[in-house]
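Trainee: Please take me through one part of this model slowly, the open space in its surface, and tell me what kinds of residues surround it.

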Amino acid sequence: MTTLDDLPLRDDLRGKSAYGAPQLEVAVRLNTNENSYPVPDAVVDAIGKAVQAELRDLNRYPDRDAVALRADLAGYLGHELTTANVWAANGSNEVQQQLLQAFAGPGRTALGFGPSYSMHPLLAAGTGTRWVGALRDPDFGLTPASALAQLEEHDPDLVFLCSPNNPTGTALEPGVVTAVLEAARGMVIVDEAYAEFARPGTPSALALLPGHPRLVVTRTMSKAFGFAGGRLGYLAADPAVVDAVQLVRLPYHLSALTQAAARAALAERDALLATVDAIKEQRDRIVATLRARGAEVADSDANFVLFATGGDQKAAWQAFLDRGVLIRDVGLTGWLRVTAGTEAETSAFLTAAEEILS
């Protein structure tokens with residue numbers, strides 16, 4: 001049987017593992033930060049009609065620049081953004097990969113503050129970019145002083161910031177983004193995949209875009225919109241950044257069906273985003289309940305919660321799975337992450353947690 005060792009794989013990829021979480025059929029699946037609520041029937045019908053309208057013309061390539069979709073996304077984001085400020089691709093992962101292709105690559109360095117999204121170093125590796133794993137503070141926060149000290153040490157070409165951060169759930173204080181923007185000589189990417197779940201008063205880096213041409217804010221429709229299967233991510237930035245990304249994007253990278261489905265979903269956003277408050281309520285319920293039982297829990301502005309297991313997190317993960325609850329071991333010693341699901345799913349998790357964490 002042929003193995004990777006038998007193939008002329010790039011040396012810098014040897015020994016690495018592909019990104020992924022266990023895909024298991026269990027009663028309660030709370031491990032990938034999906035929106036647990038199914039798409040409403042009215043939205044299903046709207047998306048179906050939009051996709052149906054594209055089928056006869058599938059012999060033709062889609063709009064290469066996805067202009068109408070980008071206009072709709074700009075309208076959703078507000079902040080006086082226009083089509084020229086927005087770019088879309090197959091999930092925010094592809095958006096970030098394109099940014100690395102354009103602004104990083106061989107001979108350049110990208111930096112992120114961990115623990116954070118594990119795809120960022122993998123995307124860096126795939127684009128031949130040197131990765132620097134800087135560190136967040138012990139409480140999973142990040143102060144301007146700590147960020148600046150690590151920037152000065154490593155002098156990266158591109159910086160990733162996550163707000164809210166995955167897997168900790170913590171949002172950044174505005175001063176951190178501003179300080180990094182002032183100090184970094186290259187691009188600054190703020191990953192806001194979970195922005196719609198932030199607690200009231202949590203600012204978005206979108207407000208900092210005017211006057212900061214090296215700032216990019218990436219978003220996704222996978223989480224709050226419940227559109228994970230549709231694969232649609234996007235960025236907001238100075239128009240020059242959008243021009244740069246188009247130098248490296250694959251031709252016709254975004255299918256006509258994806259564009260049509262995403263536009264229909266955006267048009268029905270009130271119905272899709274109606275579940276956000278319910279998810280936030282379950283998130284806060286998880287935090288409050290676990291803390292009341294004496295567990296250490298990170299503050300969360302996302303649709304998930306990071307909590308301490310009080311021991312071997314691998315054993316705790318298996319104990320949850322044995323009870324029909326699939327959550328995520330993100331490789332952080334002594335901690336596990338659970339997605340805030342429906343009320344019933346959250347109750348199942350909390351019942352299991354009472355047995356396991358006691």
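Mentor: Let us start with the classes, in which Ala, Val, Leu, Ile, Met, Phe, Trp, Tyr, Cys and Pro count as nonpolar, Asp, Glu, Lys and Arg count as charged, and the others, Gly among them, count as polar. Please keep in mind that this is a predicted model. Rolling a probe the size of a water molecule over the atoms shows where empty space is left. In this model the largest pocket holds about 660 Å³ of space, and its lining, sorted by those classes, is made up of nine nonpolar, 11 polar and seven charged residues. Of the 27 residues that line the largest pocket, Tyr19, Thr32, Tyr117, Lys223 and Arg231 lie nearest its centre.

For comparison, look next at the second largest pocket, whose volume is about 370 Å³. The second largest pocket is lined by 25 residues, and those nearest its centre are Asp139, Gly141, Thr170, Ala171 and Asp299. Its lining, sorted by class, has 10 nonpolar, six polar and nine charged residues, and since Asp counts as charged, Asp139 and Asp299 belong to the charged class.

Note on methods
Residues are numbered from 1 along each chain as its sequence is written. This is a predicted model: local features need pLDDT of at least 70, side-chain atom pairs count only at pLDDT 80 or more; totals for chains, interfaces and linings use all residues. Side-chain values use heavy atoms; hydrogens and water are left out. On a 1 Å grid over the protein atoms alone, a cavity is a set of points where a 1.4 Å probe fits but cannot get out, and a pocket is an open set with protein on both sides within 12 Å along at least five of seven lines; lining residues have an atom within 4 Å of a point. Grid points are joined across faces, edges and corners, and a volume is the space filled by probe spheres set on the points.
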